Amino acid sequence: MDIGGYVMLGMLVLIALYAVLIYNNLVQLKHAVSKAWSNIEVLLKQRHDELPKLVEVCRQYMAYEKETLERVMRARGSVARAQQQGDLASLGRAEDGLRAGLGQLFAVAEAYPELKADGRFQHLEARISGLENAIADRREFYNDCVNRNNVRIEQFPDLVVAHLLRFGPFQLLDFPAHQTRDPDIRALFG
């Protein structure tokens, strides 16, 4: 083999090594998205398990607020269904409904001083509020992982490897427009 053959062989080896490096990075990004989604699911499950306890404590005090309690439980069911189906668009809408129901529930709870003083209610309210904050953080992290993946599979030369090996984009968890504007405090307490 002459020098030209060795140069060509060396270039092919370098190209193959670079393709392997790209592949490994794409696999890492894909698994980061999966891990981020799993972290969200863990928090959703924890919140799903805590909500019936909160509703039961509230039910003991809120004889006239049955509709608010039922709305929270219906929204909880919608979140669970969307999560099981893996439908991110439905999950976003269901999450929005659940957050609105919880906001209304906590606002209505202000009218019940004995409920606000109940240690179980205080614990559950703090726990659910903490879970809501953690879910928001995990959603942001998930979207960051999805964005890094989606950008990477569209950049050259990664897009060649991604296309050949069928690495696809992931869907971002979008926030409806009404979630990004300032809340109407009067409506929450009205």
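Let me begin with the basis of the description. The model is predicted, so that local features need pLDDT of at least 70 and side-chain atom pairs count only at pLDDT 80 or more, whereas totals for chains, interfaces and linings use all residues. Residues are numbered from 1 along each chain as its sequence is written, and side-chain values use heavy atoms, with hydrogens and water left out.

I turn to the overall fold. The protein contains 8 helices and 0 strands, and its elements from the N terminus on read α-α-α-α-α-α-α-α. Here helices (H or I, at least four residues) and strands (E, at least two) are DSSP runs, numbered from the N terminus. Along the principal axes, the C-alpha atoms occupy a box of roughly 90 × 30 × 25 Å.

How much of the protein is buried? Of its 190 residues, 35% count as such, where buried means under 20% relative accessible area, exposed over 50%, and partly exposed in between (1.4 Å probe, protein chains only). Contact means heavy atoms within 4.5 Å. Among contacts between residues at least 6 apart in sequence, 76% join residues at least 24 apart.

Next, the interior. A nonpolar core is a set of buried Ala, Val, Leu, Ile, Met, Phe, Trp, Tyr and Cys residues joined through side-chain atoms within 4.5 Å. The largest such core has 37 residues, and those with the most contacts inside it are L54, M62, L102 and Y142. Two or more residues come from each of α1 (3–61), α2 (66–85), α3 (88–109) and α5 (119–152), and α1 gives the largest share, 11 residues. Another core, of 6 residues, lies apart from it and includes L26, I153, V161 and F167.

Not counting residues up to four places away in sequence, Y142 touches V33, A36, W37, I40, L88, F170, Q171 and L173.

L44 lies in helix α1 and is buried, with a relative accessible area of 2%. Leaving aside neighbours within four places in sequence, L44 is in contact with Q83, L91, E95 and I135. L44 and A80, 36 residues apart in sequence, are 8.4 Å apart in space, C-alpha to C-alpha. L69, in helix α2, is buried as well, with a relative accessible area of 2%. With neighbours within four places again set aside, the contacts of L69 are V55, C58, R59, M62 and L105. Between L69 and L54 there are 15 residues in sequence and 9.5 Å in space, C-alpha to C-alpha.

Finally, I come to the backbone. Which residues does a cis peptide bond join? They are F156 and P157, with omega of about 10 degrees, and P157 is in the loop between α5 and α6 (158–164). R166 is found in the loop between α6 and α7 (177–180). Although not a glycine, R166 has a positive phi of about 60 degrees. R166 is exposed, with a relative accessible area of 73%.
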